[in-house]
Amino acid sequence: MFQVSRRADYAVRMMLELGLGEEDQRLTAGELSERTGVPKPFLHQITADLVAAGLLKTFAGPAGGLALARPPAKITMQQILEAVEGPICLNVCLVRPRECPRDVICPAHDFWGGLQRLVVQQLREATLDKLVIEARSLRQRPRPRGDMPYLHPEPAVIHLNLSSAA
């Protein structure tokens with residue numbers, strides 16, 4: 001299955017929760033863990049990656065905690081995901097030339113490249129402030145269960161007639 005990792009999902013949850021607060025609001029690791037459902041050991045590892053990427057700040061002491069390092073409008077989903085997962089890469093042939101000897105004749109190579117460009121473009125355009133606005137709206141008025149228009153409908157069943165025609 002092609003999916004976002006748990007680590008990436010947790011990072012987005014953490015950043016959203018911090019983005020929902022007032023500017024420069026700090027949350028302790030315990031508060032953030034409780035609000036997001038991210039286990040503390042994971043939270044500490046992900047926090048280190050987000051700090052290293054310049055997306056989070058940490059503060060020591062009794063009044064310490066975690067806060068966004070910049071305004072939510074200046075943080076993209078691409079930055080969050082790459083902070084915890086590394087560069088976006090749908091297929092290794094896209095980042096390592098000649099990794100596959102077929103790359104110059106493979107039609108899938110161009111397909112993967114085009115798909116990667118689209119994914120990266122969407123991640124770059126999705127800023128944390130846009131997701132925070134949506135999160136506030138959904139907290140006030142959750143979408144109905146099962147209302148996920150982006151999911152594919154049930155797979156189509158294809159019937160093949162394998163009988164030979166005489």
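**Pockets and aromatic contacts**

The lining of the second largest pocket divides by class into six nonpolar, three polar and five charged residues. This description rests on a predicted model. The second largest pocket holds about 220 Å³ of space and is lined by 14 residues. Glu-23, Asp-24, Leu-68, Pro-71 and Pro-72 are the lining residues nearest its centre. At least two residues of this lining are supplied by helix 1, and at least two by strand 2 (65–68).

The largest pocket contains about 1,000 Å³ of space. Its lining is made up of 27 residues, with Val-4, Met-77, Leu-81, Val-119 and Leu-123 nearest the centre. Two or more lining residues come from each of helix 1, helix 4 (77–85), helix 5 (107–125) and helix 6 (128–140). Helix 1 gives the largest share, five residues. In the lining of the largest pocket, 18 residues are nonpolar, four are polar and five are charged.

Two aromatic pairs are present in the structure. In one of them, the ring centres of Tyr-10 and Phe-42 are 5.2 Å apart and the planes meet at 75°; because an angle over 60 degrees counts as edge-to-face, the pair is placed in that class. Tyr-10 belongs to helix 1 (residues 6–20) and Phe-42 to helix 3 (residues 40–52), so the pair ties together parts 32 residues apart in sequence. Tyr-10 is buried, because its relative accessibility of 9% falls under 20%. Phe-42, with a relative accessible area of 28%, is partly exposed.

A further contact involves a charge and a ring: the charged end of Arg-26 sits over the ring of Phe-59, 3.5 Å from the ring centre.

Key. Residues numbered from 1 in each chain as written. Predicted model: local features only at pLDDT ≥ 70, side-chain atom pairs only at ≥ 80, totals over all residues. Heavy atoms only, no water. Phe/Tyr/Trp six-rings, centres within 6.5 Å; stacked < 30°, edge-to-face > 60°. Helix = DSSP H or I, 4+ residues; strand = E, 2+ residues; numbered from the N terminus. Buried < 20%, exposed > 50% of the residue type's maximum accessible area, 1.4 Å probe, protein only. Lys NZ or Arg CZ within 6 Å of the ring centre and 35° of its normal. 1 Å grid on protein atoms, 1.4 Å probe; cavity = no way out; pocket = protein on both sides within 12 Å on 5 of 7 lines; lining within 4 Å. Points joined across faces, edges and corners; volume = space filled by probe spheres on them. Nonpolar A, V, L, I, M, F, W, Y, C, P; charged D, E, K, R; others polar.
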